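Q: I'm new to this one. Can you walk me through it, bit by bit?

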Amino acid sequence: MAAEGSTKAVVTALIANLGIAVSKFVAAAITGSASMLAEGVHSIADSTNQALLLVGAKRARRAPSPLHPFGYARERYIYAFLVAIILFTLGGLYALYESYQKITHPHELTSPLIAVGVLVIAMALEGYALRTAVGEANKVRGGRSWVAFVRRSRSPELPVILLEDAGALLGLVFALLGVGLTVLTGNGVFDGIATGCIGLLLVSIAITLATEIKSLLIGESALPEEVSAVHTALLSTPGVDRIIHLRTMHLGPEELLVAAKIAVSASDNGAGIAATIDDAEARLRQALPTAKVVYLEPDIDRHPASSAAPGFTA
């Protein structure tokens with residue numbers, strides 16, 4: 001369900017940005033507005049990013065191979081990281097370059113009403129794309145704040161689209177202010193300043209995305225509620241005295257690796273221990289369907305602990 005919601009948000013944003021990009025470039029050619037040109041490049045960068053997210057999602061569905069026995073789910077993180085790089089270089093740095101050129105060589109705009117009209121239409125389309133992303137994110141966000149959702153989500157697509165769409169809307173506001181102030185004052189420097197604000201905004205978003213996705217690439221543990229579900233499922237299994245230690249890692253957004261050492265009674269025989277492990281694994285998979293790879297290691301309980309204070313880590 002989460003993957004379907006992510007795809008819907010990405011496709012909606014892609015369609016909107018392709019149409020917006022064309023209109024922005026046409027308006028930039030007519031008016032000579034640097035902020036409109038920067039916004040056009042911004043939309044191209046966003047469209048490229050959304051296409052990359054779709055490619056990453058498709059490649060991640062490939063079956064495991066002898067060379068990649070845990071599958072390709074992490075490709076979604078790789079392509080999301082490429083998104084951050086493209087947003088930084090193609091979008092942010094280009095806008096900063098255009099800002100410098102416009103501030104050092106300002107000129108008046110021609111046909112500014114065209115720019116204003118395009119910006120208003122673009123804001124409506126971006127608003128629709130953001131509304132779609134917010135709706136899909138709300139289905140999986142739970143009670144978390146938006147900042148916590150972006151930082152804690154193990155699925156990269158929705159946070160990327162949310163930040164891109166929100167940044168696009170704010171960038172359009174900057175562009176509209178730049179065009180408006182340039183028309184009112186006749187000073188093209190304001191258009192350059194607005195372009196610089198767009199560039200700084202894109203660079204900030206790109207750095208935020210790169211930081212969060214880098215953490216996913218390194219390998220993040222399960223969310224606290226997922227760790228709690230693992231803990232509950234294992235301890236509810238007859239024959240499991242306690243959890244000696246627990247390690248989890250996301251192989252992909254919907255694929256979790258769980259490795260645990262569980263304490264069993266010294267009086268259990270081999271067949272009994274095997275049955276306990278099978279039962280524990282079944283309970284774990286039922287409680288947490290994303291636990292695709294599970295390794296449970298039995299050990300003799302040499303240091304019994306009360307169930308009220310089990311020792312485990314994520």
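Q: Which residues form a nonpolar patch on the surface?
A: Leu170, Val173, Leu177, Leu181 and Leu184 form it, with about 450 Å² of accessible area together. Patches are made of residues with over 30% relative accessible area and no salt bridge; like charges are joined within 9 Å, and nonpolar side chains (Val, Leu, Ile, Met, Phe, Trp, Tyr) within 5 Å. Accessible areas come from the Shrake-Rupley method with a 1.4 Å probe, and for residues only the protein chains shown count as cover.

Q: What sort of model is this, and how are residues numbered?
A: This is a predicted model, where local features need pLDDT of at least 70 and side-chain atom pairs count only at pLDDT 80 or more, while totals for chains, interfaces and linings use all residues. Residues are numbered from 1 along each chain as its sequence is written, and side-chain values use heavy atoms, with hydrogens and water left out.

Q: How do H2 and H6 run, parallel or antiparallel?
A: Roughly antiparallel, because the axes of H2 (residues 34-60) and H6 cross at roughly 170 degrees. Those axes come within 10 Å. Axes are lines fitted to C-alpha atoms, for helices over the stretch in contact, and angles run from 0 to 180 degrees between N-to-C directions. Angles under 35 degrees count as roughly parallel, over 145 as roughly antiparallel, 65 to 115 as roughly perpendicular and the rest as oblique.

Q: Which residues meet there?
A: On the H2 side, they include Ser35, Glu39, His42 and Asp46. On the H6 side, Glu157, Val160, Ile161 and Glu164 are among them. Contact means heavy atoms within 4.5 Å.

Q: New topic. Where is Arg76, and is it buried or exposed?
A: Arg76 lies in helix H3, residues 75-104. Arg76 is buried because its relative accessible area is 9%.

Q: What does Arg76 touch?
A: Leaving out residues up to four places away in sequence, Arg76 touches Gly56, Ala57, Ala60, Ser155, Pro156, Glu157, Pro253 and Glu254.

Q: How many salt bridges are there?
A: The count comes to 13. The rule is a side-chain nitrogen of Lys or Arg within 4 Å of a carboxyl oxygen of Asp or Glu.

Q: Which residue does Lys102 pair with?
A: Asp191, at 2.8 Å from N to O. This pair links distant parts of the chain, 89 residues apart: Lys102 is in H3 and Asp191 in H7 (residues 189-218). Lys102 and Asp191 are both buried.

Q: And what about Arg283?
A: Arg283 forms a salt bridge with Asp279, and their closest N and O atoms are 3.1 Å apart. The two are separated by about one helical turn, because they sit 4 residues apart in helix H9 (residues 270-287). Arg283 is partly exposed at 30%, and so is Asp279 at 28%.

Q: Which residue does Glu281 bridge to?
A: Arg285, with the closest N and O atoms 2.8 Å apart. Glu281 and Arg285 both lie in H9, 4 residues apart. Glu281 is partly exposed at 22%, and Arg285 is partly exposed at 32%.

Q: Which residues are linked in a network of salt bridges?
A: Arg59, Arg62 and Glu75.

Q: On to loops. Where is Ser111, and what does it touch?
A: Ser111 is in the loop between H3 and H4. Beyond residues up to four places away in sequence, Ser111 touches Ile30 and Thr31.

Note on methods. Buried means under 20% relative accessible area, exposed over 50%, partly exposed in between (1.4 Å probe, protein chains only).
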